[in-house]
Amino acid sequence: MSENDDDNNNSKKKNKNDMTLEERIASGEFTKDASTGPLRKVADSIKSALPGFKETESPIIKALILSLTKTQKKWKREADSQMPVASGDIREIAGQPVFVPLYKLFLAYGEQFVLAIGPKKFVVVSDNKVAKEILLHQAKSFSKGLLSEILDFVMGQGLIPANGEVWKIRRKIIVPALHRKYVASMVDMFGDCGLKGSAQLARAEIDGTSVEMENFYSRLALDIIGKAVFNYDFDSLKTDDPVIKAVYTVLREAEYRSVTFIPYWKVPPLSYLVPRQRACQEALVVVNDTLNVLIERCKKIVEESDDEFVEEYMNKEDPSILHFLIASGDDVTSKQLRDDLMTLLIAGHETTAAVLTWTTFLLAKHPEVKEKVFEEVDRVCGDRLPTVADMRELKYTSRVINESMRLYPQPPVLIRRAIEPVKLGGYDIAEGTDFFISVWNLHRNPRLWDKPEEFIPERFPVDGKAPDEYTEDFAYLPFGGGQRKCIGDQFAIFESIVTLAMIMRRFDFELDPKFHPDGECGMTTGATIHTTTGLHVKLKRRNKHGGEEMNGEYTASTKESLPVYKSLDELDDIDVASGDPHAGGSNGTQSGKLEDAAVSISVAEQIVEAEKTRAR
Ligand code: HEM
């Protein structure tokens, strides 16, 4: 090859490197038939080498062309029985939320294709019938695969990553804990937390400052799930304590690992040498210490109580899932119990926070929908906290949440691995194949949805059944489907309805143009979809129908000098060196707070030391 050829190739490569994924799809790079392309090229070059070849009488040339055409057709038939392959390099999916390029590739390749990134291969599924096969009919042939590997450090054998017998046994034990009476009792707790949250928002409204709602919902959901799972009051709306910091460090690490392609943390020295890995290990110690103390405390209470364990058992003072599990006589190691609690904490926290964030974003962008929600919450809830009975009446609000989960599913992709050979959508699949079921693609597939990109809560009529995987034939999977379906779906829906109703009963809101000049907030992903900018809204008190009681509550709460909470990033600056777990202002005497949080504090102090060393 001459130097000129080299230069030409380089410049071609450079141009390709500069192209966006859309331009590369449009250029046909991905859709060219790789199996027949070379033969077509040979046939074409013979034809162009013989300008008058149509007229040629040469039987040899004719036979050659005929033979090439036949082989080309045979190869094409064979290629059609293979799944299309989108091969590329990591550029196609790095640096952006993974579900975005997967959607573009789905439009180019169809509803089932292989994504080959370097040595890794995944089958990407955007077809509801295939999703139904994987999740429902052939569920036993699939494990959580990569997800189990990614989440092992934090969830161990918890319900989300567990497989086989462990999963079967734990699911049977945990599901009864979320019984009807439990979920109903949680509605009151959601209301109490919503009230605290509203007070926080009222303060910002009076001050005229905008509120970053993604942070707000994350903290509110953490407070709720802490109480619901192990009766621990994080009180994160008011304080920034070391346990909260540790929980967020672990959560962020779980998200980071789920989007990082090279699992360097598996290399033993790196898990200690890389600062973020060391911080994660230390945070895990804090979280585990806290969980151990909670487990021991709960065991003691159960031992001392003479409650009889019956179906739908619930302790009035402590209705938590942990209390149910211990009272049920669940004979399990502390490690397994910790894995279960940690899994419930993570599963129930960021998901609900993300649903509330994106619902608020969509409502801010659609004032006509917002007005309808205002009308409904005013009419149904009046000036009292929402009740379980209201859940059936707040129909339009529910549909708004249903539609928000269609446009922004949390998580946007489900992960599976075939543990034996399977047949799917006419293709033979080998054991060990990894799958991405793109819920994002399913929820926006133009074959399955009318105007898929538009926010139309009315697509799910209020007088019809609430949409789920069965009403929509697996085209709608906000909580997954089949045997691994979410166990907290009802809990999460009620939590979202109550929180939204409480906030919207009290406040109107719009995007703060200072932070969202283009009306957008960007997307980035870990396990759930986050915004890139935060969700900054300006609040305006609603007093159209506000009765005395609510106005009273509003004034009383705003009199208290509530601290405006830190952003999640600012958690890194929290001063835990003082050893005061409630340095943010709380006196640490609320129900459920650990008296002996000192166990964690000493470890937290070490974290601070480690960070200081790192900063130096
Ligand atoms: C809006 C909030 C929530 C959303 C969108 C959501 C979504 C999901 C999805 C899609 C799955 C299936 C994952 C898969 O098939 O790979 C799942 C599983 C699970 N979810 Fe949720 N979830 C939410 C809230 C909760 C809550 C509040 C809890 C607990 C209190 C919870 C506990 C779980 C557990 C334990 C599993 C694993 C079930 C199993 O594999 O057997 N989730 N969730």
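This is a quick tour of the structure above, from overall make-up down to single residues.

What you're looking at is a predicted model, where local features need pLDDT of at least 70, side-chain atom pairs count only at pLDDT 80 or more, and totals for chains, interfaces and linings use all residues. Residues are numbered from 1 along each chain as its sequence is written. The protein has 616 residues, and 40% of them count as buried (20 or more other C-beta atoms within 10 Å of a residue's own; 12 or fewer makes it exposed, in between partly exposed, with C-beta atoms placed from the backbone).

**Overall picture**
- The secondary structure comes to 22 helices and 13 strands; these are DSSP runs numbered from the N terminus, with helices being H or I of at least four residues and strands being E of at least two.
- Of the contacts with a separation of 6 or more, 76% link residues 24 or more positions apart; a contact means two C-beta atoms, placed from the backbone, within 7 Å.

**Confidence**
- Mean pLDDT is 82, and 76% of the residues reach 70 or more; pLDDT is the predictor's confidence in each residue, from 0 to 100.
- Residues 545-549 fall below 50, and this stretch has 6 contacts in the model beyond near neighbours in sequence.
- Residues 551-568 are also below 50, with 28 contacts counted that way.
- The model scores are ipTM 0.99 and pTM 0.82.

**Two domains**
- The domain assignment gives domain 1 (3-154) and domain 2 (170-615); such bounds come from an automatic or database domain assignment.
- Across the boundary, 35 residues of domain 1 are in contact with 44 residues of domain 2.
- Among the elements giving two or more residues to domain 1's side are helix 5, strand 3 (120-125) and helix 7 (146-155).
- Helix 6 gives the most to that side, with 8 residues.
- By class, domain 1's side has 24 nonpolar, 7 polar and 4 charged residues (Ala, Val, Leu, Ile, Met, Phe, Trp, Tyr, Cys and Pro count as nonpolar, Asp, Glu, Lys and Arg as charged, and the others, Gly among them, as polar).

**Helix 5**
- The buried residues of helix 5 (residues 99-109) are Phe-99, Pro-101, Leu-102, Leu-105, Phe-106 and Tyr-109.
- They sit on the same side of helix 5, because they cover an arc of only 155° around the axis; the arc is that of the directions from the helix axis to the C-beta atoms.
- Just after helix 5 comes Gly-110, with a positive phi of about 105°.

**Around the ligand**
- The ligand is surrounded by 21 residues, and the closest are Gly-348, Gly-480, Cys-486, Gly-488 and Ala-492; a residue is near a molecule if its C-beta atom, placed from the backbone, lies within 6 Å of it.
- Helix 15 (334-365) and helix 20 (489-506) are the elements that give two or more residues to this shell.
- Helix 15 has the largest share, 7 residues.
- The shell divides into 12 nonpolar, 7 polar and 2 charged residues.

**Residues to look up**
- Leu-294, found in helix 13 (residues 275-304), is buried, with 22 other C-beta atoms within 10 Å.
- Leaving aside neighbours within four places in sequence, Leu-294 is in contact with Phe-230, Tyr-232 and Leu-322.
- Asn-231 has a positive phi near 50° and is buried.
- Glu-312 has a positive phi near 55°, but Glu-312 counts as exposed.
- A cis peptide bond joins Gln-410 and Pro-411, with omega about 5°.
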